[in-house]
Amino acid sequence: MNDFMKDRYGVDELTCVLGGAGMLLALIGTIANLDPLTWIALAIVLLALARAFSKNITVRCNENNAFRSFSERVPVLGNLVARLGSITPAGRNASGGPTASAVPNIEYERAKRTAQKMWKERKTSRFLKCPNCGQILSVPKGKGKLRVTCPRCRAKMETKS
């Protein structure tokens, strides 16, 4: 999912309001048996999804900023948007610029390499996590009961391979 959402806008205040309004209209249209209202609600929800998956970030930021300035003038909507203000698109700060976490994450790449190694060696090795520090340890399979020492924290544990 991280790879899919990379370079996409994500969810902001306008997307949340559109999604909520679409769901509310769909509920009303279904209860009142008004098919045109249900279709309009579906279009609004699809618009919210299109905004979230959009790769045109500057346009989406401008739309959201215009919505914020409009919502400040409407009392009820302004309070709702102010509560949603902590929600920002993935990898973006409140002003729309990239956050530090949007830069390719070294920890993510390291975890990816570890997972690939574990998958490759799954038939010959057993992997366990140190209960003290969380380090992933590798022991050969089929050797019976082993006493393992963590190289990071020197904790000793017994495990069956």
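Tutor: Let's start where H2 and H4 meet: their axes come within 8 Å and cross at roughly 75 degrees. Axes here are lines fitted to C-alpha atoms, for helices over the stretch in contact, with angles from 0 to 180 degrees between N-to-C directions. H2 and H4 are therefore roughly perpendicular to each other (under 35 degrees is roughly parallel, over 145 roughly antiparallel, 65 to 115 roughly perpendicular, and the rest oblique). On the H2 side the contact (heavy atoms within 4.5 Å) uses Glu13, Leu14 and Val17, and on the H4 side Glu63, Asn64, Phe67 and Arg68. Sorted by class, that makes three nonpolar, one polar and three charged residues. In this scheme Ala, Val, Leu, Ile, Met, Phe, Trp, Tyr, Cys and Pro are nonpolar, Asp, Glu, Lys and Arg are charged, and the others, Gly among them, are polar.

A word on what you're looking at: this is a predicted model, with local features needing pLDDT of at least 70 and side-chain atom pairs counting only at pLDDT 80 or more, while totals for chains, interfaces and linings use all residues. Residues are numbered from 1 along each chain as its sequence is written, and side-chain values use heavy atoms, leaving out hydrogens and water.

Staying with H2 (residues 13–31), have a look at Thr15, which sits in that helix. Thr15 has a relative accessible area of 7%, so it is buried (buried is under 20%, exposed over 50%, partly exposed in between, using a 1.4 Å probe and protein chains only). Its side chain makes a polar contact of 2.8 Å with the side chain of Asp12. A polar contact is a pair of N or O atoms within 3.5 Å; within protein, one must be able to donate a hydrogen and the other to accept it, and residues adjacent in sequence count only if both atoms are side-chain atoms. Setting aside residues up to four places away in sequence, Thr15 touches Gly10, Ala48, Arg51 and Ala52.

H4 brings Phe67, Arg68, Phe70, Ser71 and Arg73 to the contact, and H5 brings Pro75, Leu77, Gly78 and Val81. By class, the H4 and H5 contact has five nonpolar, two polar and two charged residues. Phe67 and Arg68 are listed in the contact with H2 and turn up in the one with H5 too.

Zooming out, the chain has six helices and four strands (DSSP runs numbered from the N terminus: H or I over at least four residues for helices, E over at least two for strands). Reading from the N terminus, the order is α-α-α-α-α-α-β-β-β-β. Of the 161 residues, 26% count as buried. Among contacts between residues at least 6 apart in sequence, 41% join residues at least 24 apart.

Now the strands. S1 (residues 125–129) and S2 pair in the antiparallel sense over five bridges (pairing takes at least two DSSP bridges between two strands). Leu128 stands opposite Leu137 in S2. Six residues separate the two strands in this hairpin, and there Gly134 takes a positive phi near 90 degrees.

S2 (residues 136–140) has Leu137 and Val139 on its covered face, with Ile136, Ser138 and Pro140 on the uncovered one. Ile136 counts as partly exposed at 38% relative accessibility. Beyond its neighbours up to four places away in sequence, Ile136 touches Thr114, Met118, Phe127, Leu128 and Lys129.

Over in S1, Arg126 is partly exposed, with a relative accessible area of 33%. The side chain of Arg126 has a polar atom 3.0 Å from the backbone oxygen of Lys160. The C-alpha atoms of Arg126 and Lys160 are 9.2 Å apart, although 34 residues separate them along the chain.

Last stop is Ser161, in the segment after strand S4 (156–160). Ser161 counts as buried at 16% relative accessibility. Its side chain reaches the backbone oxygen of Pro140 at 3.2 Å. Leaving aside neighbours within four places in sequence, the contacts of Ser161 include Arg126, Val139 and Lys141.
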